Amino acid sequence: MKLFERWLAHSFDWQSLGLALLIVIVSFLLIRGVVRGIFHFIEKRIPKRFEAWIDVLMAFENPARVVVLFSGLLLALHTAHAPRLLITFATQVYRSILIFSIGYGLYTLMGSLTTLLAHLGERVHMEIDSIVMPFLTRILQFVVMALTVTMILSDWGINVNGVFAGLGLVGLAVSMAAQDPIKNLLGGIIIIIEKPFQIGDWIASPSVEGIAEDITFRSTLVRTFDGALVIVPNATLSNEPITNWSRMETRKLTLTFYLDIATKTKDMMAAMADVEAMLAADDRFATDTQKAYINSVTTRGHEFMAVAQFKMLPDADWAGTRADINMKIIRILAAHDIQLSAGIEAPMEN
């Protein structure tokens, strides 16, 4: 406080103070207008074949604005003839902000790494593994964050080795209570190595069935066919049998109905012929795989089954197709005046 009072008494200068205030105002104008304008001007001028590099540019827009602002503030302190101690401290803070801004830009850029590498892979005709990239992105983000913190601490003269040693002792105690996160991390590594599925694949396990959307250190995100996002721990998923329907050319569709026990044989034969014709005319199914037959006669009635091999194309809609075929068969049965058994169960599938 006395240092500040002495500065006011001996170094106070209206001209210097006014110039320093002007520098601060100009800095705000620069970050709100000029810096943003420059980045967006460059963005619009980037050719379409280099669109993937826009993420690289935009990752450093906010860091650049922060650096410009604090550069102006530091220059204003020098202009206002601030005390040497204050300028020294501000310079140290400025260096930390500079390191943090670069680290933040790299951290943000890592989030766009998947898109960037996919673009590069297309240009060199190299396929980028869609399940490895999200995991690798998070590892690189962690590394960037750790290096940034380490550099800032070192710049302030803090013994990083001592800090890490202290964290190691704490980490030893915490690790006893962190066995599940470690298991999930190892489970994620197993999934990455074995590659039972790719991002975008349709998978099924005892825990979940749907489209794999993302994988993190802790869990895998799966979008079910009713739109729900299910978060499955990696430790759970890596220890379960996983069926990857996207890697199959066809999937067997089986629907079972129980017909009234009094249904006439000729009506069932006619219905079976119509069901087979309907399935054969549907290009969603492989050729010559359609069958309709009476599997058995039970106390619930005649067990009527319809079977076909569904084509597992990239845009295939399994749930929608199953529901559609189910309704078409019910209409065919109704057209032949065939009643379902009173003890009917929901149509079954394989």
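Colleague: Which residue is the bridge partner of Leu253 in E8?

Modeller: This is a predicted model, so read every pairing as part of a prediction. Here Ala308 of E8 is the bridge partner of Leu253.

Colleague: How many bridges join E6 to strand E8?

Modeller: There are 10 bridges between E6 and E8 (residues 301–311). The two strands run antiparallel.

Colleague: Is strand E6 mostly covered or mostly open?

Modeller: Count its buried residues. E6 spans residues 250–259, and eight of its 10 residues are buried.

Colleague: Which residues touch the most other members of the largest nonpolar core?

Modeller: Start with the general idea. In soluble globular proteins, nonpolar side chains tend to be buried together. In this model, the largest nonpolar core has 26 residues. Those touching the most other members are Leu259, Val275, Leu279, Phe285, Phe304, Ile325 and Ile329. Strand E1, E6, helix H11, E8 and helix H12 each give two or more residues to this core. H11 provides the largest share, six residues.

Colleague: What is Val275 in contact with, beyond its neighbours within four places in sequence?

Modeller: Its partners are Ala292, Phe304, Ala306, Ile329 and Ile332. There is also a second, separate core of 11 residues. Its members include Ile191, Ile192, Ala212 and Val222.

Colleague: Why does Ile99 count as buried?

Modeller: Compare its value with the cut-off. Buried means under 20% relative accessible area. Ile99 counts as buried because its relative accessibility is 19%. Ile99 sits in helix H5 (residues 84–111).

Colleague: Which residues does Ile99 touch, not counting those up to four places away in sequence?

Modeller: Ile99 touches Thr148, Met151, Ile152 and Asp155. Take Ile152: it is 53 residues from Ile99 in sequence, yet their C-alpha atoms are 6.9 Å apart.

Note on methods: Residues are numbered from 1 along each chain as its sequence is written. This is a predicted model: local features need pLDDT of at least 70, side-chain atom pairs count only at pLDDT 80 or more; totals for chains, interfaces and linings use all residues. Side-chain values use heavy atoms; hydrogens and water are left out. Helices (H or I, at least four residues) and strands (E, at least two) are DSSP runs, numbered from the N terminus. Buried means under 20% relative accessible area, exposed over 50%, partly exposed in between (1.4 Å probe, protein chains only). Contact means heavy atoms within 4.5 Å. Two strands pair if DSSP finds at least two bridges between them. A nonpolar core is a set of buried Ala, Val, Leu, Ile, Met, Phe, Trp, Tyr and Cys residues joined through side-chain atoms within 4.5 Å.
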